[in-house]
Amino acid sequence: MEVYADYAATTPVAPEVRDVMMDIYSEQFGNPSSIHRTGRAARQVVDEARRQIAKVINASPKDILFTSGATESNNTAIKGAAYKRQHLGRHLITTQIEHHSVLHVFEYLEKQGFEVTYLAVNRYGEIDLNDLEQALRPDTTLVSIMFGNNEVGAIQQIGDIAVLLIDHQALLHTDAVQAAGHMPIDVKELNIDLLSLTAHKFYGPKGIGLLYIKPGTDIEFQQLGGSQETKRRAGTENVPLIKGMATALTLATDQMDARNVRLMQLKEHFLNALQDRSIPFEMNGNQNMQLPHIMNLYFPFSDVEIILTLLDMAGVYVSSGSACTAGSIEPSHVLTAMFGTDARTKQSIRFSFSSHMAEEQIDYIADQLLKIYEMNKERSE
Ligand SMILES: Cc1ncc(COP(=O)(O)O)c(C=O)c1O
């Protein structure tokens with residue numbers, strides 16, 4: 001059996017999305033900037049996709065900027081806000097558990113003379129709003145806090161964070177990559193200034209994402225050239241991917257409640273399967289404040305690279321936040337922020353599920369973990 005349980009890394013393209021994209025590849029090959037009929041037809045596809053997406057997140061179509069993915073969206077939002085607003089101050093706030101496409105941008109800005117506060121998290125991966133309140137300064141110009149974490153699934157209180165910022169000059173950016181399709185995202189209700197998404201996490205294609213920019217939010221744009229995206233991002237639009245993303249986001253949102261129920265069942269099934277087999281484990285995170293598709297578990301009997309390799313050999317594809325550099329394993333920065341230098345930062349695995357998965361696949365993962373556990377037990381006896 002082969003079981004892919006790494007849906008937080010990426011998802012396959014949904015058949016409906018693939019069909020829509022294939023049609024555009026063969027029928028609407030025009031350049032949306034061309035003024036003839038072929039160009040206008042492509043422009044129509046892009047406009048319609050923009051409207052579709054805007055409706056899902058309760059924005060206006062003109063507030064959506066298409067990008068090559070969340071890495072670009074995060075770069076544009078953070079650098080764009082920091083540079084454009086530096087006359088207002090050079091202090092920025094983020095968290096210790098952001099994705100590297102956020103963290104590395106802040107580290108870069110520090111080298112450019114900006115001051116960055118990296119908020120700590122508790123053992124469940126949640127920030128304390130009091131910490132944020134205390135970190136805010138008159139010269140803070142941007143707060144960037146992720147909606148839901150990609151390694152442990154921890155959800156932050158973005159609505160409450162926005163309330164805290166109401167009377168402050170700082171903009172609020174959120175990386176909502178993992179939340180999209182799993183949590184309702186209403187940019188107006190949540191009062192978000194900048195929001196990043198990437199399509200391949202919700203059964204859309206890779207290499208396409210977006211940045212929502214609240215009207216009146218002035219940021220510096222990086223890419224110069226043609227007048228595409230109302231001069232905010234030069235470069236010919238990738239029409240099939242844009243339409244694919246709009247289709248995928250609409251589908252994921254329409255099916256969200258049913259998918260989430262199923263995902264929660266699968267998670268519960270997995271926990272029971274591990275308990276039934278007496279495999280020792282602990283959860284990293286709080287199951288009640290967790291994205292429904294992500295679960296990160298600590299197995300106090302083997303190191304992450306051994307578990308990942310043995311699972312891979314058994315046809316189970318999962319991952320961890322650890323990075324393998326030059327043969328040694330770097331513990332995940334997210335788990336380190338949650339637990340310090342605890343052994344569990346090197347003995348934890350992320351499982352991320354799809355609502356299409358079957359109980360038998362979950363049982364298979366548990367069976368393989370049992371084999372690894374027993375093998376380790378024998379070795380240490
Ligand atoms: C939370 C989060 N932010 C940003 C990204 C970057 O997305 P992309 O690689 O599509 O640019 C990812 C993808 O792993 C992610 O999980």
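**View 1. The residues around the second largest pocket.** Ser33, Arg43, Arg50, Lys62, Ile64, Ser227, Gln228, Glu229, Thr230, Arg232 and Glu237 line the second largest pocket (on a 1 Å grid over the protein atoms alone, a pocket is an open set of points where a 1.4 Å probe fits, with protein on both sides within 12 Å along at least five of seven lines; lining residues have an atom within 4 Å of a point). This is a predicted model, in which local features need pLDDT of at least 70, side-chain atom pairs count only at pLDDT 80 or more, and totals for chains, interfaces and linings use all residues. Residues are numbered from 1 along each chain as its sequence is written, and side-chain values use heavy atoms, with hydrogens and water left out.

**View 2. Helices at the second largest pocket.** Here α2 (37-57) and α8 (228-231) each supply at least two lining residues (helices are DSSP runs of H or I, at least four residues, numbered from the N terminus). The largest share, three residues, belongs to α8. The space in this pocket comes to about 150 Å³ (the volume filled by probe spheres set on the points, which are joined across faces, edges and corners).

**View 3. The centre of the largest pocket.** This pocket has a volume of about 320 Å³. Its lining counts 25 residues, of which His99, Ser101, Asn150, Gln178 and Lys201 are the closest to the centre.

View 4. Domain 1 (3-11 + 256-380) and domain 2 (15-254) both contribute lining residues, so the largest pocket lies between them (bounds come from an automatic or database domain assignment).
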